[in-house]
Amino acid sequence: MLRFVILLALTCATAFGVEQAAIPIGLDHVPHPKDADEQFARELNLSYKTDLAPWAESEPGKFDWPAQAGQDKYLEHLKDLKRRGFLISETFTVVHMDQKHLPLDIFDKPFNDPAVLERWEKFLTAWVTRYGEAVDCVIIGNEVNSYFGGHPKEWKPWLEFMKRSYAVIHRVRPALKVGTVIKAEECENYWKDCQSYCDFLGVTYYAPNSTFVKSPTSQALDPKNKLYFGRVLDGVLRYAGAKPVLFTEVGCATAPEIDSSPELQAQFIQELFKWMRGKESRVLGMSWLSVSDWNLEGTRENLQGNLDPKLLRDDRFLHYLTSLGLIYETGTPKLGYGVFKAESAAYRGKK
């Protein structure tokens, strides 16, 4: 019996070289250093924090850290979370969905242009030196397939950018893990090219809905359907090979306009936690998006310049983006909030 227990513990070893009894669970960018966020973190048993980080260089060599009066409160916040046992990942938005974000004076240069690589290396070196001790995973690009699917000629230059990023990060802080984020359905098309420059595969997954074509969310919950979420996520683990997977965004919209509902979201959450069990040695973390629904017109306005304008004119797409929360825009919890709370507690052995 003792031998069995020891073997079971060893199977929970992660790529970080430590035993992981449970997959760290996150909720969007929670907690921020706010009391309300801390309440969510406690209620939902959160232990994973994911954030976005820009290439913050307003002019060559001038790095714009979020410091006030010499105190970097964001750094202190990350250090506090680390002391509390959180897994922390930071995603650089040099490529973010279907847009790229480089400093304006080098925006039109290729990713592998010597000037771009030199500037990026200096910024990344400074960033890792400053924040590296408070972070576990550094991600270069979010949903890169969305951008490079429309700009295929930039893919090879991007791989050189990834290669340089990987080398810089490991030179400055060897313990940091490096990856990139790809949509779950596109892993097969992109991962094979960039896996040499990644310690893990970062993935986003959202349950299907009728945003662009008729695809009710119920299909994700039907094991016989090709869109069954478990089949898709198992495929991601298979594509990752020997490397672990970090799910930076997982979600399920609830808007009836796109053939979903709060009840389907709640069912999806239950099934997701079931799927997670037994995957502890393969999955570094899992973060839900999002806390609460967003205002539709506010979202349309706020995402100008971050998404294709055609998407932002599509009301079905906006219904998808603005109904992913566990809480309604009014502040009332959805059915999924209570289910998430109960499932996360049960997963961690809490009553």
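How many nonpolar, polar and charged residues are in the lining of the largest pocket? Let's work it out with two exercises on this predicted model, where local features need pLDDT of at least 70, side-chain atom pairs count only at pLDDT 80 or more, and totals for chains, interfaces and linings use all residues. Residues are numbered from 1 along each chain as its sequence is written, and side-chain values use heavy atoms, leaving out hydrogens and water.

**Exercise 1.** Describe the largest pocket and sort its lining by class.

*Step 1.* A pocket is an open set of points on a 1 Å grid over the protein atoms alone, with protein on both sides within 12 Å along at least five of seven lines; lining residues have an atom within 4 Å of a point.

*Step 2.* The volume, meaning the space filled by probe spheres set on the points, is about 1400 Å³ for the largest pocket.

*Step 3.* There are 43 lining residues, and Glu143, Lys183, Tyr206, Phe317 and Tyr320 are the closest to the centre.

*Step 4.* Count Ala, Val, Leu, Ile, Met, Phe, Trp, Tyr, Cys and Pro as nonpolar, Asp, Glu, Lys and Arg as charged, and the others, Gly among them, as polar. The pocket lining then has 19 nonpolar, 15 polar and 9 charged residues.

**Exercise 2.** Find the largest cavity and sort its lining by class.

*Step 1.* In a cavity, a 1.4 Å probe fits but cannot get out. The whole structure has 1 cavity of 30 Å³ or more, and the largest has a volume of about 40 Å³.

*Step 2.* Its lining includes Ile25, Val250, Leu272 and Trp288.

*Step 3.* By class, this cavity lining holds 8 nonpolar, 2 polar and no charged residues.
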